[in-house]
Amino acid sequence: MLLRFASSGLSAMTTHFDERGPCAVIDSREDVPLRLAGHDGDKEGNGPGGGSKYDTGTVTKTRPKTKRPSLYRVLLLNDDYTPMEFVVLVLQDVFNKSREEAMRIMLHVHNQGVGECGIFPFEVAETKVTRVMDTARKNQHPLQCVMEKE
């Protein structure tokens, strides 16, 4: 679909009604209505689709409906071998926790056997679990980290 207009220096577009119906107007130095381009040489005055050459079309913008991603809880599991200080450092590094919050989570994991580090979309949760497990393996600790759907 082609729109015909004879103005440059476009700044904004509004809609107004004239004797032929609704049309879009470019706000610039002069108001020039936008019309569907028809066949200029059409002797009967019919444009495309069989209407008059001044028929206007409705421009609609459809927005795709997006749904929120599923969220996953990232959990640390307690073990008897990983040092508490290492768990605190992992929480600070991987999950960007403050020292106080990392201590609180670490003590919860130590006392309850499991503790939540955060809630994230699938890809983020998966990456954080992988980072925790890789860091623990590099430092020869058996720390376990899992994720579960919320």
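Predicted model: local features only at pLDDT ≥ 70, side-chain atom pairs only at ≥ 80, totals over all residues.
Contact, as I use the word today, means heavy atoms within 4.5 Å. Keep that in mind for Thr82.

Let's start with Thr82. Thr82 is in the loop between S5 and H1. Which residues does Thr82 touch, once those up to four places away in sequence are set aside? They are Val87, His141, Pro142 and Leu143. A polar atom of the Thr82 side chain lies 3.3 Å from the backbone nitrogen of Leu143. Is Thr82 buried or exposed? Buried means under 20% relative accessible area. Thr82 has 11% relative accessibility, so Thr82 counts as buried.

Now the strands. S5 covers residues 71-77, and S6 covers residues 114-121. S5 and S6 pair in the antiparallel sense, over seven bridges. Within that pairing, Leu75 stands opposite Glu116 of S6. S5 also pairs with S7, residues 144-149. That pairing is antiparallel too, over six bridges. Here Arg73 has Glu148 in S7 as its bridge partner.

Next, charges. Side chains of opposite charge can pair when their charged atoms come close. How many salt bridges does the model have? The count comes to seven. I'll take some of them in turn.

Start with Glu85 and Arg99. They form a salt bridge, and their closest N and O atoms are 2.9 Å apart. Why does this pair tie together separate parts? Glu85 lies in helix H1, residues 84-95, while Arg99 lies in helix H2, residues 99-112, so the pair ties together parts that are 14 residues apart in sequence. How accessible are the two ends? Glu85 is partly exposed, at 37% relative accessibility. Arg99 is partly exposed as well, with a relative accessible area of 35%.

Then Asp93 and Arg131. Their side chains meet in a salt bridge at 3.5 Å, N to O. This pair links distant parts of the chain. Asp93 is in helix H1 and Arg131 is in helix H3, residues 122-138, and the two are 38 residues apart. Asp93 has 48% relative accessibility and counts as partly exposed. Arg131, at 36%, also counts as partly exposed.

Now a pair inside one helix. Asp134 and Arg137 form a salt bridge, with the closest N and O atoms 3.8 Å apart. How far apart are they along helix H3? They are three residues apart, so about one helical turn separates them. Asp134 is partly exposed at 36% relative accessibility. Arg137 reaches 56% and counts as exposed.

Glu116 is in S6, opposite Leu75. Glu148 is in S7, as the bridge partner of Arg73.

Last stop, His108. His108 lies in helix H2. His108 is partly exposed, with a relative accessible area of 40%. What does His108 contact, leaving aside neighbours within four places in sequence? Gly113, Val114 and Gly115. His108 and Leu76 are 32 residues apart in sequence, and their C-alpha atoms are 9.9 Å apart in space.

To recap: S5 pairs in the antiparallel sense with S6 and with S7. Thr82, in the loop between S5 and H1, is buried. That's my tour.

Definitions and conventions. Residues numbered from 1 in each chain as written. Heavy atoms only, no water. Pairing = 2+ DSSP bridges. Helix = DSSP H or I, 4+ residues; strand = E, 2+ residues; numbered from the N terminus. Salt bridge = Lys/Arg side-chain N within 4 Å of Asp/Glu carboxyl O. Buried < 20%, exposed > 50% of the residue type's maximum accessible area, 1.4 Å probe, protein only. Polar contact = N/O pair within 3.5 Å; in protein donor to acceptor, adjacent residues only side chain to side chain.
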